[in-house]
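Subject: Structure handover

Hello,

Here is the structure I promised to pass on. Please open it and keep it beside this email while you read.

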Amino acid sequence: VTITTRLLVSHLSGIRHYEKDITKVKEEKEKANRAFKLTKPCQDKEQSEESSKGVEKTDSVKLRKEHEGEVKSRNSKPSRSSKEFEQEEYYLKEKFGSVIESLNIFKNDPLFFKPGDQFLYSTYGFTLLSAVVERASGQKFTDYMLKMFRDLDMLSTVLDDNEAMIYNRARCYVYNKKGRLVNAPYVDNSYKWAGGGFLSSVADLLKFGNALLYSYQAGQFKNTHGKLLPGYLKPGTVAMMWTPVPKTEVSWDRDGKYAMAWAVVEKKQQCGCCRQQRHYASHTGGAVGASSVLLILPEELDSDVIDTRLVAPPRGVIVSIICNMQSVSLNSTALKIAREFDKEKWAQ
């Protein structure tokens, strides 16, 4: 078979994730699909009823609902994401000297399916991708990435190296079997630098999101008389990265598809008075004792904005959340925040 970098970056390579048993992976997928089919009509009905009433819930009702949801989630069985943390390979303590060396973990394992046939989120696919970057660039992957972070002024983004003294490094926490917060266990993430091996800050992730949004929109602002600096990436590159790929799926937003290392929801409205989907790109992160999300909601530019000399990219809302607790779902929260800021902007 042939595995391309495009297949790797869209999780279509067939390379396994942490679970080694393909039967269990298929069962989990079938359960998730059945659950989605059962809940989707109810969600659509609730959204339709809320929009037809046109009445906002009071703060007290909202708080009660949120509290009930929190209690329910704590008392319910582990979700798919929390079950994922039961895999032994999440807790590796071995230090790997290079990304090439870390390929030994999975390089002799069989593919779960023919590359390009099915979607399977795979951290190890990104480990292989980091090896491709290393060979193509002629540099160590970690050196290549840290230089890029410096270029983007992301000075707080560093390797998650246990031995290094890192200023303001946060402690991470998990819930034990009794539901109490405890310190997260020791792990060494050198086996997956590309798939969860960096430490960052909210401010640095905002810089990263702005750099991408600027690059995405830079080509649309024509009337700048050469005063607009080019983006870090070409506009077409970001557009390609944010183009949904067939046969993919997104666990944290069923409206979306996976693209190139990003989940993307496209602008869509099926008919008048129906729910509107805004175009946005996001990605969540989960590690032992930590959760995160970076969400980019580009502004829908009209000709007046593009042609004026008074505005320049980036135009939109970037939301970054980092939480030092494991298995926290953050994408829906980030999307709500982004929509509130977007709504406030248009109201002014």
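Val1 sits in the segment before H1. Val1 is exposed, at 77% relative accessibility. The cut-offs are simple: buried is under 20% relative accessible area, exposed is over 50%, and partly exposed is in between (1.4 Å probe, protein chains only). Together with Ile3 and Leu111, Val1 makes a nonpolar surface patch of about 260 Å². A patch takes residues with over 30% relative accessible area and no salt bridge; nonpolar side chains (Val, Leu, Ile, Met, Phe, Trp, Tyr) are joined within 5 Å, and like charges within 9 Å. Areas come from the Shrake-Rupley method with a 1.4 Å probe, and for residues only the protein chains shown count as cover.

Residues are numbered from 1 along each chain as its sequence is written, and side-chain values use heavy atoms, with hydrogens and water left out.

pLDDT is the predictor's confidence in each residue, from 0 to 100. The protein averages 86, and 82% of the residues score at least 70. Which elements have the lowest and the highest mean pLDDT? Helix H3 (residues 59-75) has the lowest, at 43, and helix H1 (residues 5-9) the highest, at 98. Over residues 47-80 the pLDDT is below 50. Beyond near neighbours in sequence, that stretch has nine contacts in the model. A contact means heavy atoms within 4.5 Å. Where pLDDT is low, the predicted coordinates should not be read in detail.

The overall picture

The protein has 11 helices and nine strands. Of its 348 residues, 36% count as buried. The accessible surface comes to about 21,200 Å², and 54% of that belongs to carbon and sulfur atoms. Take the contacts between residues at least 6 apart in sequence: 66% of them join residues at least 24 apart.

Cysteines

How many disulfides are there? The count is one. The rule asks for a pair of cysteine sulfur atoms within 2.5 Å. Cys271 and Cys274 meet it, with S to S at 2.4 Å. Cys271 is partly exposed at 39%, and Cys274 is partly exposed at 31%.

Cys172 is partly exposed, at 24%.

Salt bridges

Side chains of opposite charge can pair when their charged atoms come close. The rule used here is a side-chain nitrogen of Lys or Arg within 4 Å of a carboxyl oxygen of Asp or Glu. The whole structure holds 13 salt bridges. Here are some of them.

- Arg169 pairs with Asp160 (3.5 Å, N to O). Arg169 is partly exposed at 31%, whereas Asp160 is buried at 14%.
- Lys267 pairs with Glu300, with the closest N and O atoms 3.8 Å apart. This pair links distant parts of the chain, 33 residues apart. Lys267 is in the loop between strand E6 (263-265) and strand E7 (280-287). Glu300 is in the loop between strand E8 (290-298) and helix H10 (303-307). Lys267 is exposed at 60%, and Glu300 is partly exposed at 35%.
- Lys343 pairs with Glu340 (3.2 Å, N to O). They are three residues apart in helix H11 (residues 331-347), so about one helical turn separates them.

Salt bridges that share partners also join Arg16, Lys20, Glu89 and Asp109 into one network.

Most residues other than glycine have a negative phi, and most peptide bonds are trans. Check these exceptions.

- A cis peptide bond joins Pro313 and Pro314, with omega about 5°. Pro314 lies in the loop between H10 and strand E9 (316-323).
- His11 has a positive phi, near 60°. His11 is in the loop between H1 and helix H2 (22-53) and is buried, at 2%.
- Ala261 also has a positive phi, about 65°. Ala261 is in the loop between strand E5 (257-258) and E6 and is partly exposed, at 24%.

Best wishes

Notes. This is a predicted model: local features need pLDDT of at least 70, side-chain atom pairs count only at pLDDT 80 or more; totals for chains, interfaces and linings use all residues. Helices (H or I, at least four residues) and strands (E, at least two) are DSSP runs, numbered from the N terminus.
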